[in-house]
Amino acid sequence: MPDMSTAFRFMATGIGSVPYEDILTTCRQICRWAPFMPFWPQFVRRSHLEDMIIQYSEGLPLLTINAEDRSLSVSRLETRESELVAFYERFLACDVEAFAVSREVAPGLYTLLELMAEDPEDCGPYVKGQTVGPVTFTAGVKDPSGKPILYDPELSEAMTKGLAIKALWQARQLGRSGKRPVIFLDEPYLSGFGSAFSPVQRHEVIDMLRMVIDYLRENCDVLIGLHCCGNTDWSMVLETGPDIVNFDAVEFMDHFLLYEADVVRFIQGGGAIAWGIIPTAGFTGEESVDSLFLRLKEGFMRVRQWGLDPEQVARRSLLTPACGMGTMSQEFATRAMDLLSRLSERCRDWDMEHDR
């Protein structure tokens, strides 16, 4: 895990999805909202191709897009063996371009990078991208019997490796901007892990996520985040070895902070926390910088009690929305991102030593 002791200090960034449809205007606004770590937006209302499952399916074997219900399925069973063989030939040859994400499915990625190329000094040292995580992806893709391919070991492994090399392609594209790339693995399926509705085993989750994380680290200079917007087993998430862990600090701060020993070990090992402090699904329009700052401060006071240096934690903290903003109204999303930007500015000037 890299040393990020002077890296972040409450930089703002986003999760991915937005409710807007004007690609260029949105990317320009993101560079103003999150100047130190702009993120490329997913325009989920523009097309089903920008759904988080479908968007990362290009180049993966056996998959069929179902536009009406915005889903993927495995339907070409008669060609299963030949498609898997062809897939592994490309993967083992590290044919990264065969796993590119096209402009058609991710115009925000290309537009943001073009804007940054026009004025490379206008943005800070990082640029963020994202990909669907392997557990969420394989849980969301069904075989002809309706069973998630998460429970088909051969297909699950192939898709996990495919997502890893696609994330590598993305990280290299982001790195061409001259900024350090950051890739978040989005894993909403891990919400409620351990319940009867999530029968996947802990070691299986860890193995799948490590397969992607280790592959990226071995092939690219990239920081890797893991985002889950619900309640989960955070000790399991931290054990997968991300550089950044992103949680919903609006609804689940108390639960996250129950994992004191794991979080302390993570931060002392160089890890960073991305506090999802801006409400999304529950956004009311009544939120203020002051109220959000007080909520964040509650968490920091808890961390201070653990004996961690609050300045160290600040340097290893990012601020984000609680989740993606694709389901919000455009008005509320704009207000939420403006709050995030102003809260980041306030926190970056926070004198913790004199604020107890």
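Guide: In this predicted model, the count of salt bridges comes to 16.

Visitor: What makes the contact between Arg202 and Asp233 a salt bridge?

Guide: The rule asks for a side-chain nitrogen of Lys or Arg within 4 Å of a carboxyl oxygen of Asp or Glu. The N to O distance for Arg202 and Asp233 is 2.7 Å, so the pair meets the rule. Arg202 belongs to helix α6 (residues 202-219) and Asp233 to the loop between β8 and α7, so the bridge ties together parts that are 31 residues apart in sequence.

Visitor: Why is Asp233 called buried, and why is Arg202 called partly exposed?

Guide: Buried means under 20% relative accessible area, and partly exposed lies between that value and 50%. Asp233 has 15% and is therefore buried, whereas Arg202 has 31% and is therefore partly exposed.

Visitor: How do you know that Glu239 and Arg202 form a salt bridge?

Guide: Their side chains meet at 2.8 Å, N to O, and the limit is 4 Å. Glu239 is in helix α7 and Arg202 in helix α6, so this pair joins parts that are 37 residues apart in sequence. Glu239 has a relative accessibility of 37% and hence counts as partly exposed.

Visitor: What separates Arg342 from Asp338 along the helix?

Guide: Both residues are in helix α12 (residues 330-348), and because they are four residues apart, about one helical turn separates them.

Visitor: Which residues are linked in a network of salt bridges?

Guide: Arg80, Asp152 and Glu154 are linked in such a network.

Visitor: What makes the phi of Arg70 worth noting?

Guide: Most residues other than glycine have a negative phi. Arg70 is not a glycine, yet its phi is positive, about 50°. Arg70 is placed in the loop between β4 (63-66) and β5 (71-74). Cys94, also not a glycine, has a positive phi of about 55°, and Cys94 lies in the loop between α2 (80-92) and α3 (107-118).

Visitor: Is Thr232 buried or exposed, and how do you know?

Guide: The cut-off for buried is under 20%; Thr232 has a relative accessible area of 4% and is therefore buried. Thr232 sits in the loop between β8 (223-228) and α7 (234-239). Leaving aside residues up to four places away in sequence, Thr232 touches Leu190, Gly192, Phe193, Val237, His255 and Tyr259.

Key
Residues numbered from 1 in each chain as written. Predicted model: local features only at pLDDT ≥ 70, side-chain atom pairs only at ≥ 80, totals over all residues. Heavy atoms only, no water. Helix = DSSP H or I, 4+ residues; strand = E, 2+ residues; numbered from the N terminus. Buried < 20%, exposed > 50% of the residue type's maximum accessible area, 1.4 Å probe, protein only. Contact = heavy atoms within 4.5 Å.
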